[in-house]
Protein chains: 2
Amino acid sequence: MSTPQQLLNTVFTRSREAHDVVSKYIHRTPVDRSATFSRLCGCDVFLKYENLQKTGAFKVRGALFKVYQLVKKGVKGVVASSAGNHAQGVAYAASCFGIKAIIVMPETASIAKINATRSYGAEVVLYGKVYDDAESKAYEIADRLGYAFVHPFDDIDVMAGQATIAWELIEQINDFDVIVVPIGGGGLASGILAVLKTVRPRIKVIGVEPENAPKMLVSIKRGVPTTITPRPSLADGLVTKRPGELTYTIVSNYIDDIVTVTEDEIAKAIYMLLERAKVLAEGAGAAALAALMSGKIKVEKQRVVALVTGGNIDLTALSRVVSKGLLSEGRIAKLRGSLPDVPGSLKSVLEVIAKYRGNILDIRHDRYDFYRLPWYATVEILVEVPSSEDTKRIVNELRNRGFEFELVE
Amino acid sequence: MSTPQQLLNTVFTRSREAHDVVSKYIHRTPVDRSATFSRLCGCDVFLKYENLQKTGAFKVRGALFKVYQLVKKGVKGVVASSAGNHAQGVAYAASCFGIKAIIVMPETASIAKINATRSYGAEVVLYGKVYDDAESKAYEIADRLGYAFVHPFDDIDVMAGQATIAWELIEQINDFDVIVVPIGGGGLASGILAVLKTVRPRIKVIGVEPENAPKMLVSIKRGVPTTITPRPSLADGLVTKRPGELTYTIVSNYIDDIVTVTEDEIAKAIYMLLERAKVLAEGAGAAALAALMSGKIKVEKQRVVALVTGGNIDLTALSRVVSKGLLSEGRIAKLRGSLPDVPGSLKSVLEVIAKYRGNILDIRHDRYDFYRLPWYATVEILVEVPSSEDTKRIVNELRNRGFEFELVE
């Protein structure tokens, strides 16, 4: 049984080799100071764009180093279970080293993820309703074929592979005060802690979990790895039931703090990364910035790195996030009012909306509103507006013209 | 009057100084080989991400070098007219060199652009209904205050500034066979031609214009700069009425070819850049990749650079592009059919949809359909599905159960 310090040292030592190996197969992703987010967060914000990484997420780093080690030992194939970025990471890694990969996914996995995994040459097996079924199946397949099972986080080489982000950051911006790291199983946080607490012990490492899946926070509070019942989250990559044994040991001993973020905070960060930084982040990839923007981390005037860990968000989910963002920014407004049910009355309302450059997205009439006078209809209008100021002008002018309308908020 | 070769040489010479000056104030944007787009286009595709540039677009390069030159000459302020990326570029450049900037925008400019320009410290003047009005006003203000007017493209220093992209590319990937460049006024294409036709004459430079605004193509065909009547385009940054005199001279003499892209091709490229490359491009920024994906450029097995020139797309426009992309990829389907207007019939239909993991977005009943039997209602259901295969299964099972439904395409 090794001590936490020995474990940290092992990951640190292997991370140097990992850096040499992994960098041949991946993008050196950009890290940029963002003027916009610096202003919003009151500190120097540096974003590290692992969403622009091969396979769209940092997970490929750990997978590459693990598969490299396995190939050195003569392994002919690997098996993993994942409906997420680990699947694509292992598939890509296996293709780099010319061995076979079998990825077991729950039957509910999205077509996009299945196709992406297949596109790297892996065989995809759909099995069971939930992740646990797929994992059991993966172990079974690995046993039967003599392949190695690649765990998504609780593995020294996987942690050492994720740690290469820290080496890259040191080369790219050398010194900083704080780094904010999302925690799913804890592999990324462990790798980063191993490097930074050894060579830059001054740098604070802050973990982020969704409020809906705070397994590491709960485990640390109880003093032992604990299984929680997570709720669904936009940050699906961080929805894990339980930290690993190894990752718990490192994270609980070395992390400076863990904060949680709400679904609204995650959605807002996705929206802002898209609008301001022009990049697509998945929920897990936006969590670190969400934590920074929420003000839950004390970072005033410091140099802070937020990892944007991945960009594999389903575009139907993105579409919802954008619609909600436009609503909450007042770029789309819902107006509700009552109209005399006679010719020309809707036309008059639309004249006012057009005058302030509002663009109609939808109109619904409701003639079954119990509380209206019988010759009035309730009308709901969804409208795109230049700004929320224009919405106020529209509502005011409608009222001045005798139409009872209000903004639905 | 200088010859085209002399003009090219002048831009080339200044571009070297521009590279030294400009690089201090901007991001060195990443250029990555994209495995996905390489497979789709049958060549090695390298994407240069100027959407991740300061201000969200390459325009800041030309603005920086021009403003730098003006400051050297003692100018105290600059004026520009633009509702687009030039506005933010000039505003940012003026703030870098500590001089005043006044940007005239048409009254119809979007709030987002106005706010972004103000955030760099510029004064925004709203004037007139169209660009031409704003431009006249800008000249008038410049005259009155003794400020310099900064043209968006027809200017040697602006072209030399845009040319710095070519120098960066040479440093980043050294050699390539083809570069695809969107053409608005022609400043970017002129700058790139000046560098590449001098130091890498072997590299083909291909211009791209929207089918809706082919001013350079028309001008070259007629042999003289020609004013066209452009139609609106998703690539609003490329909607210009007429090339510049200088840019026409360089582009018409040195460009290898110009191709045009349709609105659908531009929309698809925006969608694909988001889904696959995880970056947000505006229409103009997606045009080069759109041209490559359309197969209109002969590039088989070559090393091809596509410039992603900017990312400043309004998120309401993006929302439409994404919705349309999801529809055309079959991730959202519109089903139409007729239902007996009796209790329980809609429920039966929804059971079938739920069975194949379809998620209802909208349901509309139409009881006024002339062609239906009176006890039937027309029902239109908008549904999110895992894949178009599932849509087929849903429609088949509905028909087997006696419901006449079809996919609306």
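At roughly what angle do the axes of helix α15 and helix α16 of chain A cross? This is a predicted model, in which local features need pLDDT of at least 70, side-chain atom pairs count only at pLDDT 80 or more, and totals for chains, interfaces and linings use all residues. Residues are numbered from 1 along each chain as its sequence is written, chains are lettered from A and ligands numbered from 1 in the order in which they are written, and side-chain values use heavy atoms, without hydrogens and water.

Start in chain A. Helix α15 (residues 345-355) and helix α16 (residues 388-400) cross at roughly 145°, and their axes come within 9 Å. Helices (H or I, at least four residues) and strands (E, at least two) are DSSP runs, numbered from the N terminus. Axes are lines fitted to C-alpha atoms, for helices over the stretch in contact, with angles from 0 to 180 degrees between N-to-C directions. From α15(A), A:Val349, A:Val352, A:Ile353 and A:Lys355 make the contact; α16(A) brings A:Ile394, A:Glu397 and A:Leu398. Contact means heavy atoms within 4.5 Å.

Now turn to chain B. Strand β8 (residues 204-210) has 6 of its 7 residues buried, meaning under 20% relative accessible area with a 1.4 Å probe, protein chains only. Strand β7 (residues 178-182) of chain B runs parallel to β8(B), joined by 5 bridges. Two strands pair if DSSP finds at least two bridges between them. Here B:Val178 stands opposite B:Lys204. Strand β9 (residues 257-261) of chain B also pairs with β8(B) in the parallel sense, over 5 bridges. There, B:Gly207 has B:Ile258 as its bridge partner.

Definitions and conventions. Buried < 20%, exposed > 50% of the residue type's maximum accessible area, 1.4 Å probe, protein only.
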